[in-house]
Amino acid sequence: MTLRDLLSKLKWDPREDFHNATISYLDRTQDARGATIARLRSFRGGDVVEMGRGIIVVKKDDEISHIPFHRVREVRSSDGRVRWSRGT
């Protein structure tokens with residue numbers, strides 16, 4: 001199952017709990033010297049505003065972020081079970 005397929009299933013299937021699913025992704029920023037810093041961050045399905053073509057729009061703590069699908073590393077259901085994981 002593709003990431004897009006799983007996210008759609010979690011969001012639209014009434015048997016699923018998309019609101020409390022956890023999506024983890026690789027966030028890349030730069031420090032003061034311009035060096036790239038990569039860290040794993042996450043958000044809940046309830047933070048998702050929109051799922052576009054290849055991107056997830058998230059509103060968390062009044063900040064809007066655009067997360068590309070290729071940055072997503074893992075999706076866990078509300079019970080903590082890994083539903084999707086990107087190979088390393």
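Student: Start with serine 77. Which residues does serine 77 touch, leaving out those up to four places away in sequence?
Tutor: Serine 77 touches Ala21 and Arg83. Bear in mind that this is a predicted model.
Student: Where is serine 77 placed?
Tutor: In the loop between strand S6 (72-76) and strand S7 (82-85).
Student: Buried or exposed?
Tutor: Serine 77 counts as buried, because its relative accessibility is 8% and the cut-off is under 20%.
Student: What about confidence? What is the mean pLDDT of the chain?
Tutor: The chain has a mean pLDDT of 92. Of its residues, 99% reach 70 or more.
Student: And which elements have the lowest and highest mean pLDDT?
Tutor: Strand S1 (residues 22-30) has the lowest, at 91. S6 has the highest, at 97.
Student: New topic: the open sheet. What is the strand order?
Tutor: S3-S4-S5, three strands with antiparallel pairing. Strand S3 (48-52) and strand S5 (63-68) are the edge strands, and each pairs on one side only.
Student: How much are neighbouring strands of this sheet turned against each other?
Tutor: By 15° on average, ignoring direction.
Student: How many bridges link S4 and S5?
Tutor: Six. Strand S4 covers residues 55-60, and its pairing with S5 is antiparallel. Isoleucine 55 has proline 68 in S5 as its bridge partner.
Student: Which helix lies across S3 and S4?
Tutor: Helix H1 (residues 3-12). Helix H1 runs at about 140° to S3.

Technical notes: Residues are numbered from 1 along each chain as its sequence is written. This is a predicted model: local features need pLDDT of at least 70, side-chain atom pairs count only at pLDDT 80 or more; totals for chains, interfaces and linings use all residues. Side-chain values use heavy atoms; hydrogens and water are left out. Two strands pair if DSSP finds at least two bridges between them. Helices (H or I, at least four residues) and strands (E, at least two) are DSSP runs, numbered from the N terminus. Axes are lines fitted to C-alpha atoms, for helices over the stretch in contact, and angles run from 0 to 180 degrees between N-to-C directions. Contact means heavy atoms within 4.5 Å. Buried means under 20% relative accessible area, exposed over 50%, partly exposed in between (1.4 Å probe, protein chains only). pLDDT is the predictor's confidence in each residue, from 0 to 100.
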